[in-house]
Amino acid sequence: MTYIVNDKCIKCKLMDCVEVCPVDCFYEGENMLVIKPEECIDCGVCEPECPVNAIEADISDAAKGWVEINNKYSNIWPNITKKRSEDVPKDEKKWRNVKDKLKYLSESPGKGDGRPRKSIQCEDRGLQRQLEESISQRA
């Protein structure tokens, strides 16, 4: 199981979730965030942080297609770990209850944190985190 971000995030992109993620597995597009499925440790700590309920476990049939979308864009968009209130869309409130927002998804990347992309991949997620921390301390 993994968690994914669905179309409820499109044009809302509130970013409350990114600061609670213990493994920094969120990636930022111009108008949406996604979770990298291989990095998510299934802790679920992000799910209740989303005011629009855009984060869900991949166990439902509806979530299956979103696993592919999250995987695709997390491989090309920049990593984000800090909420930037200035980048939350000014009109996000009008988009909160709009249904079927996939047609509004921008494929353009967001700003991210400006950090280099993660490049080490390891099966053991705990070890992966330790490796990344070690590398960031050296940088």
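A nonpolar core is understood here as a set of buried Ala, Val, Leu, Ile, Met, Phe, Trp, Tyr and Cys residues that are joined through side-chain atoms within 4.5 Å, where buried means under 20% relative accessible area. The model under discussion is predicted, and its largest nonpolar core holds 35 residues, of which V5, F26, M32, L33, I35 and I55 touch the most other members. At least two residues of this core are supplied by each of strand 1 (3–5), strand 2 (26–28), strand 3 (33–35), strand 4 (55–57) and helix 1 (61–74), and helix 1 gives the most, with 4 residues. For M32, once neighbours within four places in sequence are left aside, the contacts are with V5, N6, C9, I10, K13, Y27, W66, W77 and L105.

**Overall architecture**

The protein chain has 3 helices and 4 strands, and from the N terminus on these elements run β-β-β-β-α-α-α. Buried residues make up 45% of the 139 residues in the chain, while the accessible surface comes to about 7,800 Å², with 50% of that area belonging to carbon and sulfur atoms. Among contacts with a separation of 6 or more, 78% are accounted for by residues 24 or more positions apart.

**Aromatic rings**

A search of the whole structure finds 2 aromatic pairs, which are set out in the table.

| Pair | Centre to centre | Angle between planes | Arrangement |
|---|---|---|---|
| Y73 and W77 | 4.6 Å | 25° | stacked |
| W95 and Y104 | 4.9 Å | 70° | edge-to-face |

The pair of Y73 and W77 counts as stacked because its planes lie at 25°, and planes under 30 degrees apart are assigned to that class. Y73 is buried, with a relative accessible area of 4%, and W77 is buried as well, at 1%.

**Residues in the loops**

T81 is buried, with a relative accessible area of 10%, and its side chain makes a polar contact with the side chain of D113 at 2.4 Å. S85, by contrast, is exposed, with a relative accessible area of 51%; its C-alpha atom is separated by 9.4 Å from that of D16, although S85 and D16 are 69 residues apart along the chain.

Backbone angles deserve a separate remark. Most residues other than glycine have a negative phi. Against that background, M15 has a positive phi near 70°, and N53, which is not a glycine either, has a positive phi of about 55°. M15 is found in the loop between strand 1 and strand 2, and N53 has its place in the loop between strand 3 and strand 4. Are these two residues buried or exposed? M15 is buried, with a relative accessible area of 2%, whereas N53 counts as exposed at 52% relative accessibility.

Methods:
Residues numbered from 1 in each chain as written. Predicted model: local features only at pLDDT ≥ 70, side-chain atom pairs only at ≥ 80, totals over all residues. Heavy atoms only, no water. Buried < 20%, exposed > 50% of the residue type's maximum accessible area, 1.4 Å probe, protein only. Contact = heavy atoms within 4.5 Å. Polar contact = N/O pair within 3.5 Å; in protein donor to acceptor, adjacent residues only side chain to side chain. Areas by Shrake-Rupley, 256 points an atom, 1.4 Å probe, with all protein chains shown as cover. Phe/Tyr/Trp six-rings, centres within 6.5 Å; stacked < 30°, edge-to-face > 60°.
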